[in-house]
Amino acid sequence: MCMKHDKALELFCKDDQTCVCMVCTILNHKAHEVVPLKEEYEEKKAELEKTETEIQQMIQKRQLKIQEIKQSVKLSKENADKEIAEDVQAFTKLKESVEKFQARVITMIEEKQKRTEKQAEGFIKELEQEISELKKRSSELEKLSHSEDHLHLLQSFPSPNAAPPTKDWTDVKVCLPSNDGTVKTVVDQLVERLKKMYGELMWVQQYAVDVTLDPDTAYPKLVLSDDEKQVHHVDAKKNLPENPERFSISACVLGKQTVSSGKIYFEVQVKGKSDWILGVARESINRKGLSAISCENGYWTVCLTNENKYFALVDTPVRLCLKSKPQKVGVFVDYDEGLVSFYDVDASALIYTYTGCSFNENLLPFFCPCSNQGGKNSTPLIISSVHHTE
């Protein structure tokens, strides 16, 4: 910009009138010391327009990404709904097939029983007929034995040992309906297939029950929460009534829920503990003296000791090698099958299974938070709600 032009602009701007400069947006040019060159202005403006364009493109890309994500969610929802509908249809068909199969099996068993009953009725009718004939002959013999007409006696019974013809019933038996266990085997195989398809833990969780602690059984150094869902050990011994149900030596407590048949499942949070014992026990276990926690003594349990050593407390404890440290343990009991299983809930992994157990009496959930060890193991065992594993 030439000096002459600068001088003219300076004189012009000293006037009191408001003017508009063609190369800037400042209205008060009396305080305007530097006037940007038009080329710099246009370059700057071009940069601003370019940046604005880039920002608009970034916004547009992100808006498109939002639409893409929403579309993905929509498609996922449609696929999920379709999969649910297909699963419901498949399970409905399976249920209908099982019900039809069950009905046919029941009909077959009932028909076998009817045939058995009909056979038995035939035998009974035949036996009663023979009994009637024998009674009739017995009556005739009794009358003749008192007769004084010797000729008539000899003519009626030439042989004194003569008896009406009868069947030899020695080897006759009612054929009992056979039960080869085929149906149970098929059902067991189906259950195992379903376990593999949907996961064993998911399968056993359907038998979840609401377990609570029984304060009447709690060792005096155990503290139970008001909702009877948590238990931890303290150093001070409480003054509690000495009843037959209470543990007097071991830091243990039982659940209120008895198991005498069928299946149950419950979960216990063990997070933050260095030692614990969990499982089920016979109702008749020794609660007053020292006895080993083992199957032989009526306990089916697993335990943690020294923060990282896990054992199944069979008659000779078995060391368990686990891939991860369980934070929550699931306990499953199938009383009729004599089975107790333990699961790492978060990992959906089996910890240990007792099989072929002979229970013979009621079982109760069993909990031992172990000594607090000066606060190191003061975290409570917590009976938690079961959230079904996906």
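## Accessibility and overall composition

A residue is termed buried under 20% relative accessible area, exposed over 50%, and partly exposed in between. These terms are applied below to a predicted model. Of the 390 residues of the protein chain, 29% fall in the buried class.

The chain is organised into 5 helices and 13 strands. Among contacts between residues at least 6 apart in sequence, 64% join residues at least 24 apart.

## The open sheet

An open sheet is formed by 6 strands, arranged in the order S3-S12-S5-S6-S7-S8 with antiparallel pairing. Its edges are strand S3 (253–254) and strand S8 (318–320), each of which pairs on one side only.

Within this sheet, strand S5 (residues 276–282) and strand S6 (residues 299–305) are paired in the antiparallel sense over 6 bridges.

## The largest pocket

The largest pocket of the model has a volume of about 480 Å³. Its lining comprises 20 residues, and those nearest the pocket centre are Asp188, Val191, Lys263, Asp334 and Glu337. Two or more lining residues are given by each of helix H4 (182–198), helix H5 (200–204), strand S9 (328–334) and strand S10 (339–344). H4 supplies the largest share, with 6 residues.

What is the make-up of the lining of the largest pocket by class? It has 9 charged, 7 nonpolar and 4 polar residues. Asp188, Lys263, Asp334 and Glu337, named above as lying nearest the centre, belong to residue types that count as charged, while Val191 is of a nonpolar type.

## Salt bridges

The structure holds 8 salt bridges, and three of them are described here. The pair Lys65 and Glu68 has its closest N and O atoms 3.3 Å apart. Both residues belong to helix H2 (residues 38–145), and because they are 3 residues apart there, about one helical turn separates them. Lys65 is partly exposed, with a relative accessible area of 41%, and Glu68 is likewise partly exposed, at 44%.

Lys229 and Asp210 form another salt bridge, in which the closest N and O atoms are 2.3 Å apart. This pair links distant parts of the chain, 19 residues apart: Lys229 is in the loop between strand S1 (222–224) and strand S2 (230–233), whereas Asp210 is in the loop between H5 and S1. Asp210, at 53%, is over the 50% cut-off and so counts as exposed.

## A link between two loops

A further salt bridge joins the side chains of Glu307 and Lys376, with an N to O distance of 3.5 Å. Glu307 is located in the loop between S6 and strand S7 (309–312), and Lys376 in the loop between strand S12 (363–368) and strand S13 (381–384); the pair therefore ties together parts that are 69 residues apart in sequence. S6, S7 and S12, which flank these loops, are also members of the open sheet.

With regard to accessibility, Glu307 has a relative value of 37% and is partly exposed. Lys376 is also partly exposed, at 48%, a value that remains under the 50% cut-off for exposed residues.

Definitions and conventions: Residues are numbered from 1 along each chain as its sequence is written. This is a predicted model: local features need pLDDT of at least 70, side-chain atom pairs count only at pLDDT 80 or more; totals for chains, interfaces and linings use all residues. Side-chain values use heavy atoms; hydrogens and water are left out. On a 1 Å grid over the protein atoms alone, a cavity is a set of points where a 1.4 Å probe fits but cannot get out, and a pocket is an open set with protein on both sides within 12 Å along at least five of seven lines; lining residues have an atom within 4 Å of a point. Grid points are joined across faces, edges and corners, and a volume is the space filled by probe spheres set on the points. Helices (H or I, at least four residues) and strands (E, at least two) are DSSP runs, numbered from the N terminus. Two strands pair if DSSP finds at least two bridges between them. A salt bridge is a side-chain nitrogen of Lys or Arg within 4 Å of a carboxyl oxygen of Asp or Glu. Buried means under 20% relative accessible area, exposed over 50%, partly exposed in between (1.4 Å probe, protein chains only). Contact means heavy atoms within 4.5 Å.
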